[in-house]
Amino acid sequence: MLIKLTSKFCFFIPCFVLQSLVFSFQSHAEKVTIFIRDDVFYDYEKFVDGRDILSIKNFSGKTIRRDVVDMIIAQQALKIGGFKHTFEYIPGKLNFRNTKLLEEGKLLISFDSYWLSDAKKLVNDVHISLPLINKGEYIAGIYTNPNNKAVLEIKSLEDLAQFTAVSTPRWATDWKTLQALPLKDLIHEDEWLSQARMVNLGWIDFMLMAFHSTKDQSFTMNKIHLVPVKNIGIELKDSRHYVISKKHPLGAEAIKAINIGLQALRKEKHISRAYQQAGFFVDKNTIHILNK
């Protein structure tokens with residue numbers, strides 16, 4: 001039986017199709033919420049300054065640091081890998097809350113990379129990306145209050161025996177590295193900002209920190225000012241990776257995209273160049289690594 005369509009009904013069909021296409025596009029180009037530590041987000045915003053993420057080739061600048069490079073490289077890799085979604089950021093004073101959100105599928109990705117040893121503990125709930133920082137590339141500085149002259153005179157592994165350090169066992173690689181050093185005491189504090197404040201106030205002698213791009217490699221944030229022992233480093237013997245929630249609806253798409261992007265960026269030596277420009281990758285010929 002033939003059904004005669006009225007002009008009104010004929011008009012309805014293309015409108016419906018157009019509406020479906022709009023909804024389809026929206027579902028394929030979602031805005032993804034990312035929770036980020038507020039101090040990292042502040043430095044990221046200052047450094048990026050509204051630029052297109054893919055246009056960033058030079059990573060020199062006042063507010064650049066390892067966490068900010070991680071954040072930019074993740075987005076560049078995702079875009080190169082074909083991930084079309086955009087991000088909206090919710091900054092706050094959070095640290096290990098991100099891990100819980102990843103496990104529950106409420107957070108797609110941590111833009112702050114994880115040590116492989118920490119990521120493996122979450123393997124049932126997260127995808128682990130290709131390495132962002134390879135094992136052997138992460139050399140940390142011994143950061144202290146600039147008035148702590150004794151720490152600044154450290155020259156050998158044995159010199160560490162008179163000093164205290166602070167970290168958290170939640171960062172397995174950092175904690176195990178410090179445990180292996182001949183320290184006077186190792187203090188447990190989970191919040192990174194609290195660690196930095198304790199060292200700044202002189203309550204603790206030092207903490208391990210990624211080298212910074214400032215002329216003297218110092219770190220400054222609000223009232224906190226820390227400096228590294230000159231030409232001395234500690235090797236953190238692990239690789240770092242992005243972790244992506246398996247329970248998030250975009251998880252499978254994101255891990256595929258980021259791995260494609262990381263391979264492309266590494267082939268161009270973009271990743272190592274970024275960390276060198278940011279002051280994080282140091283010339284090992286000029287650094288005495290105490291625990292080599």
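1. A nonpolar core here is a set of buried Ala, Val, Leu, Ile, Met, Phe, Trp, Tyr and Cys residues joined through side-chain atoms within 4.5 Å. Buried means under 20% relative accessible area, exposed over 50%, and partly exposed in between (1.4 Å probe, protein chains only). The model is predicted: local features need pLDDT of at least 70, side-chain atom pairs count only at pLDDT 80 or more, and totals for chains, interfaces and linings use all residues. Residues are numbered from 1 along each chain as its sequence is written, and side-chain values use heavy atoms, with hydrogens and water left out.

2. The largest nonpolar core has 74 residues. Ile73, Phe111, Ile142, Phe206 and Ile258 have the most contacts inside it. Helix H3 (residues 66-80) gives the most to this core, with 8 residues. Helices (H or I, at least four residues) and strands (E, at least two) are DSSP runs, numbered from the N terminus. Another core, of 18 residues, lies apart; Tyr143 and Phe219 are among them.

3. Strand E5 (residues 139-144) has 6 of its 6 residues buried, so the rest of the structure largely encloses it. E5 pairs with strand E10 (residues 224-235) in the antiparallel sense, over 5 bridges. Pairing requires at least two DSSP bridges between two strands. Alanine 140 stands opposite isoleucine 234 in E10. With strand E8 (residues 207-210), E5 pairs in the antiparallel sense over 4 bridges. There, glycine 141 stands opposite methionine 209.

4. Aspartate 125 sits in the loop between helix H5 (116-119) and strand E4 (126-133). Aspartate 125 is buried, with a relative accessible area of 18%.
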